[in-house]
Amino acid sequence: MPDESTNIVEVSEQYFRMADQTVSAAEKYSESIATVIRYLEIGTAVDMADKCMYENKLEMRKQRR
């Protein structure tokens, strides 16, 4: 029976390595998605600020007339 227990340990270690690799891949994917979302948030904030400045500029021109 020593062969069976050794085989179980080896298989268990192999599954652990596979699970570890899967978790690492999922973390990398999640980080890349989070980075993209962060850039979209920054871009949206910049776009909104630009729109506000443009609207304020138009309002100031209207008030001068």
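I8 is exposed, with a relative accessible area of 58%, where exposed means over 50% relative accessible area, buried means under 20% and partly exposed lies in between, with a 1.4 Å probe and protein chains only. The model is a predicted one, in which local features need pLDDT of at least 70 and side-chain atom pairs count only at pLDDT 80 or more, whereas totals for chains, interfaces and linings use all residues. Residues are numbered from 1 along each chain as its sequence is written, and side-chain values use heavy atoms, with hydrogens and water left out.

I8 is found in helix α1, and the secondary structure of the chain comes to one helix and zero strands, helices being DSSP runs of H or I with at least four residues and strands runs of E with at least two, numbered from the N terminus. The radius of gyration of the chain is 28 Å, well over the 11 Å that the globule rule gives for 65 residues, so the chain is more spread out than a compact globule; this radius is taken over C-alpha atoms, and the globule rule is 2.2 Å times the number of residues to the power 0.38. Along the principal axes, the C-alpha atoms fill a box of roughly 95 × 10 × 5 Å.

Two pairs of residues give distances along the chain. Between I8 and Y54, which are 46 residues apart in sequence, the C-alpha to C-alpha distance is 68 Å. A19, which also has its place in helix α1 and is partly exposed at a relative accessible area of 40%, is 12 residues from E31 in sequence and 18 Å from E31 in space, C-alpha to C-alpha.

Of the 65 residues in the chain, buried residues make up 0%. The accessible surface comes to about 6,500 Å², of which 60% belongs to carbon and sulfur atoms, with areas from the Shrake-Rupley method and a 1.4 Å probe, only the protein chains shown counting as cover for residues.

Side chains of opposite charge can pair when their charged atoms come close. Here a salt bridge is a side-chain nitrogen of Lys or Arg within 4 Å of a carboxyl oxygen of Asp or Glu, and by this rule the count comes to two.

| R38 and E41 | 2.9 Å | three residues, about one helical turn | E41: 42%, partly exposed |

Patches are made of residues with over 30% relative accessible area and no salt bridge, like charges being joined within 9 Å and nonpolar side chains (Val, Leu, Ile, Met, Phe, Trp, Tyr) within 5 Å. V11, Y15 and M18 make a nonpolar surface patch of about 290 Å²; M18 has its place in helix α1 and counts as partly exposed at 41% relative accessibility. A positive surface patch is formed by K57, R61, K62, R64 and R65. R65 lies in the segment after α1, the helix that covers 2–64, and is exposed with a relative accessible area of 83%.

For the charges as a whole, the mean positions of the 9 positive and 12 negative charges of the chain are 28 Å apart. In this count Lys and Arg are positive and Asp and Glu negative, while His and the chain ends are not counted, and the place of a charge is taken as NZ of Lys, CZ of Arg, CG of Asp or CD of Glu.
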